Structure formats: structure tokens, C-alpha cells
Amino acid sequence: MKADKKMNVESFNLDHTIVKAPYVRLAGVKEGINGDVIHKYDVRFCQPNKEHMEMPALHSLEHMMAEFSRNYSDKIVDISPMGCQTGFYFSLINHDDFEDVLHILEKTLSDVLGATEVPACNEVQCGWAASHSLEGAKAIAKKMLDKRSEWPQVFA
Ligand SMILES: [Zn+2]
């Protein structure tokens, strides 16, 4: 299956059969009328169509990355999971330093390894508080950190 027309969504134009996870890839840049710039990254944890993250683990990882990453930068707009459960989108405003983005992710995932509980894992602060796995999230973070040197490389 090869897409024959250019799609609106940047990643729909990416051939997911030739990428080599894990990786961190710049997936989009948007500039506002006042010159503010948002960089959006594809943070791919799992090899597409070969593996994926289970929802409770992915959900806990989302909570922890969302909370912990903001200890390292006030430029973070959003970090949110992909519906295919193979990665996250990570967006920052006015922060155009790829190496530092990798560094923020590395420190954030290291914090996940050291976590003793999932933040905001309750019915007041979360939409599905029963669906969490701290241990599952830690296993994903560990696997990702073990391949830290591979993150800048998107293709095999
Ligand atoms: Zn939640």
C-alpha cells in the first residue's frame, strides 16, 4: 500500500514500514503571526505494526511524561499519545534545540524509572483512573532509555 496523494497530516506521508524505532523526529513546524514557533516531534517508542504499548502502561507514561517533563522546560505545549499506541507527539513553543529536546526526554524518562506512583491517577484528575500501570510505564521507559543513542536516527 503506497499513498498516491499528499495527505494533510504530515505523518500520513511518512512510510511507517521503513522507519526504525525508537527515534525522535521533527514532524512539523508552525509559526504564528507574532513570530512564535511551535516544533512538534514524533517520539516513537515502538516499531510500527510490530509492537505497541498496552493502554494502562501508555496512560501512566502519558501522565508521568506530561508532569515530569515540565520540570525541565516551560516551553512544552503538549505531550500526548498516538492512537496507534506506538509513540507520543511532543510539542514545544520557541524552543528550536533538538539536542535539548532529547535531553528533556531523557531526564523525563529517567524520572519515570524513579517514580513511586502515577501522578493524578484518581477520578478527580483523570478520565479513566482505573486504567493505569506504573510498572508497565517503567518497562517502556527503561526500554526507550536503553536505546538512547538511537533516538536521532529515524531510518535504518
Ligand atoms: Zn488520565
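This report describes the fold, the strand pairs, the zinc site and some side-chain contacts of a predicted model.

**Overall fold**

The chain holds three helices and four strands. From the N terminus on, the order is β-β-α-β-β-α-α. The radius of gyration is 16 Å, close to the 15 Å that the globule rule gives for 156 residues, so the chain is as compact as a globular protein of that length. Its C-alpha trace spans about 45 × 40 × 30 Å along the principal axes. Of the 156 residues, 42% count as buried.

The strands pair as S1 with S2 and S3 with S4. Strand S1 covers residues 23–31 and runs antiparallel to S2, with eight bridges between them. Strand S2 covers residues 37–44. Leu 26 stands opposite Tyr 41 of S2. Five residues separate the strands of this hairpin, and Gly 35 has a positive phi near 95 degrees.

S3 (residues 76–81) and S4 (residues 87–93) are also antiparallel, joined by five bridges. Ile 76 has Leu 92 of S4 as its bridge partner. This hairpin too has five residues between its strands. In its turn, Gln 85 takes a positive phi of about 65 degrees.

**The zinc site**

Which residues hold the zinc ion as protein donors? They are His 59 through NE2, His 63 through NE2 and Cys 126 through SG, and they lie 2.1 to 2.3 Å from the ion. Their spacing along the chain is H-x3-H-x62-C. His 59 belongs to helix H1 (residues 55–69), while Cys 126 is in the loop between helix H2 (98–114) and helix H3 (134–146), so this pair ties together parts that are 67 residues apart in sequence.

His 59 counts as buried at 11% relative accessibility. Cys 126 counts as buried at 12%.

Ser 60 also has its place in helix H1. Its relative accessible area is 0%, so Ser 60 is buried. What does Ser 60 contact beyond its neighbours within four places in sequence? The residues are Val 118, His 132, Ser 133, Leu 134 and Ala 137.

**Aromatic rings**

The model has two aromatic pairs. One of them is formed by Tyr 41 and Phe 98, with 6.0 Å centre to centre. The planes are 35 degrees apart, and the pair is tilted. Tyr 41 lies in strand S2 and Phe 98 in helix H2, so the pair ties together parts that are 57 residues apart in sequence.

Phe 98 is partly exposed, with a relative accessible area of 27%.

Another ring meets a charge. The charged end of Lys 40 sits over the ring of Tyr 89, 4.4 Å from its centre.

**Accessibility at a glance**

The table gathers the residues discussed above.

| Residue | Relative accessibility | Class |
|---|---|---|
| His 59 | 11% | buried |
| Cys 126 | 12% | buried |
| Ser 60 | 0% | buried |
| Phe 98 | 27% | partly exposed |

Terms used:
Residues numbered from 1 in each chain as written. Predicted model: local features only at pLDDT ≥ 70, side-chain atom pairs only at ≥ 80, totals over all residues. Heavy atoms only, no water. Pairing = 2+ DSSP bridges. Helix = DSSP H or I, 4+ residues; strand = E, 2+ residues; numbered from the N terminus. Donors = N, O, S within 2.8 Å, 3.2 Å for Na, K, Ca; no water. Buried < 20%, exposed > 50% of the residue type's maximum accessible area, 1.4 Å probe, protein only. Phe/Tyr/Trp six-rings, centres within 6.5 Å; stacked < 30°, edge-to-face > 60°. Lys NZ or Arg CZ within 6 Å of the ring centre and 35° of its normal. Rg over C-alpha atoms; globule rule 2.2 N^0.38 Å. Contact = heavy atoms within 4.5 Å.
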